[in-house]
Amino acid sequence: MQVLNALPHPVFVVDADGGFVFANSDAEQFFSSSQASLKKRRLQDFVPGDSPLFALIDQVRGQDGRISEYRVDISSPRLGGERMVDLYVSNLGDRPGCVVVMVQLRTIAEKMDRQLTHRSAARTVTGLAAMLAHEIRNPLSGIKGAAQLLEMQASDEDRTLTRLIQEESDRIVKLVDRMEVFSDQRPIERSAVNIHSVLEHVKTLARSGFARGVSICELYDPSLPPVFANRDQLVQVFLNLVKNAAEAVGEREGGEIKLTTAYKPGVRLSVPGTRARVTLPLEFTVEDNGAGVPDDIREHIFDPFVTTKPSGSGLGLALVAKIVGDHGGVIECESSPGHTVFRVLMPAWTEAQEGEEMLRARRV
């Protein structure tokens with residue numbers, strides 16, 4: 001059993017009735033229950049009865065062999081929402097009726113794929129923003145000026161139209177201004193930032209404005225080290241995420257937003273094109289119990305111009321993804337009706353990073 005506990009994947013054994021016989025340490029974390037607690041429960045208590053996992057277990061028992069299945073959805077509220085995994089199921093030879101299951105989480109590999117997609121989308125908007133700023137501002141200025149001149153001699157009925165032209169011109173300029181943020185390629189000034197100070201600031205702003213009346217609770221790890229980031233940009237990231245959560249919750253009874261921080265040692269991602277590996281041990285989440293993200297846009301939620309809001313520009317989450325990516329972090333969204341989680345993984349601050357930042361500042 002020590003060998004199974006050393007594996008970096010959840011491994012558990014269930015008997016013929018689906019009762020837990022064994023669970024390694026990663027399986028305890030996966031089910032958020034101790035082995036002693038799991039042995040009093042059945043697999044059906046955590047995974048829906050119509051899950052493909054049970055069909056695989058029955059198939060293995062029937063043919064006395066082993067099966068591997070990739071990209072299996074075992075999502076369940078008891079498991080914390082969306083769970084797409086690879087499964088390895090085998091009979092346990094010396095225990096008739098018992099089956100051993102190894103779960104390989106797909107999230108880490110897919111985090112890098114999605115993050116690269118987000119960065120590519122941000123680069124597309126960068127070029128578009130530069131073009132729009134140059135090609136649109138001047139004509140719009142002329143259009144607004146002409147409307148102002150016409151307004152001086154227009155009738156009351158026509159004046160309504162000239163004002164409409166001016167208002168729409170101003171709205172387009174504001175949109176261009178928001179997109180121009182994407183073309184800012186200057187190095188980020190980073191330092192040791194207390195994430196709890198950032199989240200408390202965001203919570204204060206939210207409660208005094210767009211989230212007035214919405215319940216906001218916290219689950220913080222007080223021992224968390226500082227994050228290596230730009231404080232103002234972190235405020236912008238979490239202000240956007242909390243605002244989206246508040247809009248998703250709306251005025252429904254029982255609506256709630258939860259802010260959490262945690263330390264996740266061992267989360268290391270390879271940097272494409274190099275041998276470097278980035279450690280992202282700090283996890284920050286913004287959860288809400290709103291309607292959730294529609295299935296048809298969930299995979300593209302961080303792409304520019306993707307939005308479910310009638311008057312939204314679809315740039316808020318694209319900007320969030322750009323800022324997190326510029327910090328070397330990763331952002332993920334998991335959503336189902338009644339439960340949506342935006343998860344941000346970021347690097348922790350170290351003295352070595354501070355030294356590199358000071359050296360870079362001197363060069364600039």
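This is a predicted model: local features need pLDDT of at least 70, side-chain atom pairs count only at pLDDT 80 or more; totals for chains, interfaces and linings use all residues.
Some ground rules: local features need pLDDT of at least 70 and side-chain atom pairs count only at pLDDT 80 or more, while totals for chains, interfaces and linings use all residues. Residues are numbered from 1 along each chain as its sequence is written, and side-chain values use heavy atoms, with hydrogens and water left out.

**Overview**

The chain has 11 helices and 14 strands; these are DSSP runs numbered from the N terminus, with helices (H or I) of at least four residues and strands (E) of at least two. Of its 364 residues, 40% are buried. Here buried means under 20% relative accessible area, exposed means over 50%, and partly exposed is in between, using a 1.4 Å probe and protein chains only. Take the contacts (heavy atoms within 4.5 Å) between residues at least 6 apart in sequence: 62% of them join residues at least 24 apart.

**The cores**

In soluble globular proteins, nonpolar side chains tend to be buried together. A nonpolar core is a set of buried Ala, Val, Leu, Ile, Met, Phe, Trp, Tyr and Cys residues joined through side-chain atoms within 4.5 Å. The largest one here has 42 residues, and Ile 195, Val 227, Leu 234, Phe 238, Leu 241, Ile 257 and Ile 331 have the most contacts inside it. Elements that each supply at least two of its residues include helix H7 (195-207), helix H8 (231-249), strand E9 (256-263) and helix H10 (316-326). H8 gives the largest share, nine residues. Leaving out residues up to four places away in sequence, Phe 238 touches Ile 195, Val 198, Leu 199, Val 202, Phe 284, Val 286 and Val 344. Apart from this core lies another, of 26 residues, with Ala 23, Leu 56, Ile 57 and Val 85 among them.

**H8 against H10**

How do the axes of H8 and H10 cross, and within what distance do they come? They cross at roughly 145° and come within 10 Å; axes are lines fitted to C-alpha atoms over the stretch in contact, and angles run from 0 to 180 degrees between N-to-C directions. From H8, Gln 233, Gln 236, Val 237, Asn 240, Leu 241 and Asn 244 meet Gly 316, Leu 317, Leu 319, Val 320, Ile 323 and Val 324 in H10. By class, this contact has seven nonpolar, five polar and no charged residues. For that tally, Ala, Val, Leu, Ile, Met, Phe, Trp, Tyr, Cys and Pro count as nonpolar, Asp, Glu, Lys and Arg as charged, and the others, Gly among them, as polar.

**Aromatic rings**

Rings of Phe, Tyr and Trp (its six-membered ring) pair if their centres lie within 6.5 Å; planes under 30 degrees apart count as stacked, over 60 as edge-to-face and the rest as tilted. The count comes to eight aromatic pairs, including these two:

| Pair | Centre to centre | Angle between planes | Type |
|---|---|---|---|
| Phe 12 and Phe 31 | 5.3 Å | 75° | edge-to-face |
| Phe 20 and Phe 31 | 5.2 Å | 70° | edge-to-face |

Phe 12 sits in strand E1 (residues 11-14) and Phe 31 in helix H2 (residues 25-31), so their pair ties together parts 19 residues apart in sequence. Phe 20, in strand E2 (residues 20-23), is 11 residues from Phe 31. Phe 31 is buried at a relative accessible area of 2%, and Phe 20 counts as buried at 5%. Phe 12, Phe 20, Phe 30, Phe 31 and Phe 46 form one aromatic cluster.
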